[in-house]
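Hi,

Here is the structure I promised to pass on. Have a look at it first, and then read my notes below.

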Amino acid sequence: MSKYNNFTSYINQPMVLTSLAVALRIFSNPLGNVFQKTLIQKNNHPLVINFLTFLLLSILCLFPAIQVDWLSLPASFWYFCLLAGLTGATGNGFLVRALENGDLSVLGPINSYKSVVGMIAGIFLLGEIPNIWGVVGVGLIIYGSYFVLDTMKERFSFSLFKRKDIQYRIWAMILTAIEAIFIKKIILYSSTMVSFIVWCWFGAIFSFLLLCISRPSYGYAVYTWGKAGILYYFFLVVCIGTMQYTTNYIFDHMEVGYALALFQLSTIVSILLGYRIFKETDIQKKLVGAFIMIIGSILIILLK
């Protein structure tokens, strides 16, 4: 009995749970991208995928939401919810649009810049001041991205950034990095679960508004939903839900800059999945660049 109690107390240690959350976050994010790209290849509209993901997650959140005392939350909490919903839904919309024509093995590593954006945003919004390791880490991320982006037809050049998939991915990265700061604020006012619930709800609201603005035909949306199959959406919702809940949990237990740096380990998974599932090329060069970018991200972890 004492051995069982010791084991239980061990697995309940915050460090162990946080490590497990990081591992789940690293794998769930690129797996979610795989299902998003697969649905796009089955002629689903990217913004329909974005909205349905948030909508299905919102429905699943109804039961835990009943147990929350929403009236006790301050007005500033709802202010940050609006900002997180706007940046999150728009950022995820850009991400799905990027996956429409871009390679997963290229778009994944570009996300390493998120730790840089998060670090800069953290300076102004959270007072997280970097030191020399942060500067060196930024340099390595930029250097590593040369290897990844140089595998594309335009090579590592200014014309590369004229590509829509690259532009969409950069916007997605910037918006979701800023969103991370707002989520951290929401968590400080509430909890991991409450922040996850409002992320789903406000994401559904703003992704619906984006869908209305783009106005894909209603018949198209219904047709592609049936064609793609329920299983693809089921696994997508599982991946995105796991990704965001573990993200919120991690934000609740470490600084945003540190967390965003650790998340970059998912770039390796993205490259390997792009190679195995979508038959993408130049994997060796992309892996070299990704490893350099990960080293840069890890250095950013040494902000203190």
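**What I found**

K184 is a buried residue, with a relative accessible area of 13%. Its place is in helix α9, which covers residues 164-189. Along the chain K184 is 70 residues from M254, yet the two are 9.9 Å apart in space, C-alpha to C-alpha.

Before you zoom in any further, please keep in mind that this is a predicted model. The average pLDDT for the protein is 80, and 79% of the residues score at least 70. Among the elements, helix α4 (residues 62-66) has the highest mean pLDDT, at 93, while helix α1 (residues 2-11) has the lowest, at 47. Over residues 6-12 the pLDDT stays under 50, and for that stretch the model has four contacts beyond four places in sequence. Where pLDDT is low, the predicted coordinates should not be read in detail.

**The overall picture**

The protein has 15 helices and zero strands. Of its 304 residues, 55% are buried. If you take the contacts with a separation of 6 or more, 86% of them are between residues 24 or more positions apart.

Take a look at helix α3 (residues 46-60) and helix α12 (residues 230-251). Their axes come within 10 Å and cross at roughly 70 degrees. Angles from 65 to 115 degrees count as roughly perpendicular, and α3 and α12 are therefore roughly perpendicular to each other.

Which residues in α3 and α12 meet? From α3 there are I49, L52, T53, L56, L57 and L60, and from α12 there are Y233, L236, V237, I240 and G241. Sorted by class, this contact of α3 with α12 has nine nonpolar residues, two polar ones and no charged ones.

**The cysteines**

I guess you will want to know about disulfides. A pair of cysteine sulfur atoms has to be within 2.5 Å to count as one, and by this rule the count comes to zero. C61 is in no disulfide; the nearest cysteine sulfur belongs to C200 and is 3.8 Å away. The relative accessible area of C61 is 2%, so this residue is buried.

C212 is another story: with a relative accessible area of 37%, this cysteine is partly exposed.

Then there is C81, which has its place in helix α5 (residues 75-101). Is C81 buried or exposed? C81 is buried, with a relative accessible area of 2%. Leaving aside its neighbours within four places in sequence, C81 is in contact with I186, V198 and F202.

**Two spots in loops**

G102 lies in the loop between α5 and α6 (104-110). Its relative accessibility is 1%, so G102 counts as buried. Not counting residues up to four places away in sequence, G102 touches K37, L107 and D165. As for D165, that residue is 63 residues from G102 in sequence, and the C-alpha atoms of the pair are 5.4 Å apart in space.

The other spot is L265, in the loop between α13 (256-263) and α14 (266-278). How does L265 compare on accessibility? At 31% relative accessibility, L265 counts as partly exposed. Once neighbours within four places in sequence are left aside, the contacts of L265 are with I26 and I294. I26 is 239 residues from L265 along the chain, and their C-alpha atoms are separated by 6.3 Å.

That is what I have for now.

Cheers

Terms used: Residues numbered from 1 in each chain as written. Predicted model: local features only at pLDDT ≥ 70, side-chain atom pairs only at ≥ 80, totals over all residues. Heavy atoms only, no water. Axes fitted to C-alpha atoms, helices over the stretch in contact; angles between N-to-C directions. Helix = DSSP H or I, 4+ residues; strand = E, 2+ residues; numbered from the N terminus. Parallel < 35°, antiparallel > 145°, perpendicular 65-115°, else oblique. Contact = heavy atoms within 4.5 Å. Nonpolar A, V, L, I, M, F, W, Y, C, P; charged D, E, K, R; others polar. Buried < 20%, exposed > 50% of the residue type's maximum accessible area, 1.4 Å probe, protein only. pLDDT = per-residue confidence, 0-100.
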